[in-house]
Amino acid sequence: MKKVFFLIIAGLIMTACDKEKDDINPNDKPGTETPEEPIVNEDEPVNIAINHTLPMLHTDGRWLVDESGKHINLHGFWQTYSPWFNGDAWGKHSWGDYNVAECLRYNQNEIDRILESGWKMDFMRLHMDPYWSLSRSRPYPTSRQEYEDFNETLFKKYLDEVFVPMVEYCISKGLYVILMPGYSAPECLAKDDQFHQVLTRLWTNISRHPKLCNNMDVMFELVNEPRQIKDANGVAGGNDDSHNKALTEYMQSLVDLIRKNAKNIIWVPGTGYQSQYAGYAKYKINDDNYGFAVHCYPGWYGSDAEKESAELGGAWGGGFESFKGGWDAQIAPAAKIAPIMVTEMDWAPEMYNKSWGKSVTGEAGGHGFGANFKWLVEETGNVSYILFTAPNDLADFGKYGKEGAIENYWNDQRGCPWQIFHWYEDYAAGRIQPESAQAIAIGGAVNGQLTLQKGGTKRIIANALNGTRIAPIMTGAEISIADKSIAKLDGEQIEAIKAGKTTMTVRALGAEKTIEIVVEEFNPFDFSKFNPSIWEEGTFDKETKTFVTGKYGFAGWQYSPGLNLKNFSKIVCRLGNGTDDSAGASLRIFDGGGYWGGAKEVNFKNREAVIELSENMTKSDGNKLDVTNITIIGIWTYGGKPVEIKEIFIE
């Protein structure tokens with residue numbers, strides 16, 4: 001849950017309700033602790049029959065399916081129930097103001113406004129905000145993490161009075177519900193520590209609740225945004241073998257706890273703020289009704305962002321190829337095992353200061369975040385997702401989301417509300433793309449021209465344009481090239497054969513687009529294209545060829561499309577006298593997995609590094625490097641120290 005984001009939007013949502021507040025229970029006053037109730041016998045089996053309102057869903061291998069076995073992908077939104085996160089819409093957020101009736105009235109009305117605005121939603125992520133279950137004696141201000149002041153008695157009280165009534169209201173509106181504990185993960189997970197014990201108490205109460213247990217309209221997301229985990233040796237980390245094993249063991253313990261009581265679908269998170277999932281391919285979750293809960297924001301997985309994300313950094317990335325590489329490295333391995341549920345995702349230009357992710361829609365196959373996200377979702381096939389736009393902004397779409405009106409957050413084609421509103425319409429009609437196109441845009445083409453280096457390849461992706469709406473064309477595109485001696489097609493992949501120019505025509509959905517293909521001689525190290533900020537913000541002096549990275553930063557060249565180095569023997573880089581040897585420089589090359597997918601690394605010795613190229617070379621993570629699709633070549637440093645490139649070349 002993005003608390004910084006809501007500090008920005010709080011107060012913009014609506015003024016406090018003027019209805020008289022309910023009388024405050026004396027036991028709820030600050031400084032008075034409600035005594036804990038006796039713990040229930042967790043070994044007692046729970047057998048509760050629920051009347052299901054919506055079509056019953058379950059997982060079948062990598063798919064979310066209904067009772068007939070039809071593949072299902074859900075599309076939804078979210079809510080949370082702290083007045084602080086909702087602009088004090090029903091009361092001040094100080095302890096003692098727990099107006100249940102006004103909370104329910106406001107949030108149920110917001111759901112009505114969202115649906116009345118025309119949004120085609122079929123699920124909601126319900127954030128069980130800790131506002132309702134924090135100890136009333138919790139000090140403020142405090143450096144204590146919220147889970148340290150968890151009060152189980154209060155949680156059980158407001159589970160009954162707030163969360164379950166909201167679940168029932170959602171279901172009555174035709175919405176499945178994903179329940180997510182409000183206590184975000186601390187910096188590092190550890191089995192049997194205090195946070196793990198709090199999760200155990202939360203899921204025990206939730207999975208045994210008579211209105212939630214075995215209610216297949218309700219799903220469970222285990223925990224929000226784990227960052228790191230301690231391995232068997234007590235070392236904190238993530239996304240390597242020992243920590244991947246520890247992560248599966250940790251999540252398995254929660255799955256097993258829930259399965260003592262309930263058969264609801266479970267959504268399992270990864271580390272890295274829910275961005276790292278490759279380890280689940282080796283250390284599998286033992287369950288037959290689960291999927292993976294993923295977060296995806298601009299700057300993550302090598303995607304394009306106007307501004308670095310607060311969690312994982314990552315400014316403007318490498319376009320489609322870089323994003324796909326990161327997605328393939330982290331999400332695709334999990335998607336081969338079980339369905340994916342993206343439980344946080346949004347984007348919009350930074351100027352609006354409304355979305356968590358700062359980026360633009362762009363075009364699939366080219367620059368930008370949104371259209372590439374949609375292409376990856378549809379190509380993967382088993383991905384459901386959420387729009388993390390603030391609920392009140394979703395509700396206001398009917399008022400402000402008008403085509404042809406003055407451009408604003410709701411109708412700006414560069415942002416998520418405008419595009420996703422129409423994508424959700426297509427999903428509701430059973431389509432993954434529009435039925436027709438007024439025009440076509442080719443991903444990666446600039447001013448009607450697509451440039452490749454000799455020997456390079458690129459997947460051709462067309463986008464349907466309908467006014468200010470854009471959506472990738474997943475099926476039905478026909479591609480032809482005029483001069484096949486310059487470039488040729490292999491399915492939807494174009495290969496640059498020799499230097500020269502030709503044309504390519506794409507026909508789809510009743511529209512046609514012709515662009516120029518320009519093939520240049522092989523020149524991978526053009527210093528006019530050197531990027532000092534591939535990871536962390538850096539600087540570069542073109543005259544001296546000297547760069548300085550940010551802390552643990554990376555600088556170099558990005559290739560879209562990737563380079564085919566199959567017929568080359570080595571990459572050689574030599575550093576000049578302007579280099580500070582304490583920078584700890586290492587030469588690294590990345591394949592289609594991008595910056596998230598591991599690299600071949602060689603440290604500089606006597607200011608020289610050589611990477612021997614072969615089809616059998618491996619990356620630092622042990623996986624094979626694809627020398628036919630090199631997407632990044634550059635230099636990593638500790639940061640803050642100058643590095644001068646004397647020469648760099650490929651033999």
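Close-up 1. Val342 stands opposite Tyr385 in β13, in a model that is predicted rather than experimental. β12 and β13 run parallel and are joined by 3 bridges; strands count as paired here once DSSP finds at least two bridges between them. To get from β12 to β13 the chain goes through helix α9 (residues 370-380), and this β-α-β crossover is right-handed. That label applies if, with the strands pointing away from the viewer, the path from the first strand over the helix to the second runs clockwise. Helices (H or I, at least four residues) and strands (E, at least two) are DSSP runs, numbered from the N terminus.

**Close-up 2. The other neighbour of β12.** β11 and β12 also pair in the parallel sense, over 4 bridges. Here His295 stands opposite Glu344 in β12. As for cover, 5 of the 5 residues of β12 (residues 340-344) are buried, meaning under 20% relative accessible area with a 1.4 Å probe, protein chains only (exposed is over 50%, partly exposed in between).

**Close-up 3. Tyr297 meets Phe388.** These two rings make an edge-to-face pair, 6.5 Å centre to centre with 75° between the planes. Rings of Phe, Tyr and Trp (its six-membered ring) pair if their centres lie within 6.5 Å; planes under 30 degrees apart are stacked, over 60 edge-to-face, and the rest tilted. Tyr297 sits in the loop between β11 (290-295) and α7 (319-330), and Phe388 in the loop between β13 (383-386) and α10 (391-395), so the contact ties together parts 91 residues apart in sequence. Tyr297 is buried at 0% relative accessible area, and Phe388 is buried at 0% too.

**Close-up 4. Phe397 on Phe421.** With ring centres 4.3 Å apart and planes at 20°, this pair is stacked. Phe397 belongs to helix α11 (residues 397-400) and Phe421 to helix α12 (residues 416-428), so to speak a link between distant parts of the chain, 24 residues apart. Both phenylalanines are buried. Searching the whole structure turns up 49 aromatic pairs.

**Close-up 5. Two lysines over rings.** Lys157 puts its charged end over the ring of Tyr158, 5.2 Å from the centre. Lys374 lies over the face of Trp423, 5.6 Å from the ring centre. The cut-off: NZ of Lys or CZ of Arg within 6 Å of the ring centre and within 35 degrees of the ring normal.

**Notes for every view.** Residues are numbered from 1 along each chain as its sequence is written, and side-chain values use heavy atoms, leaving out hydrogens and water. Local features need pLDDT of at least 70 and side-chain atom pairs count only at pLDDT 80 or more, while totals for chains, interfaces and linings use all residues.
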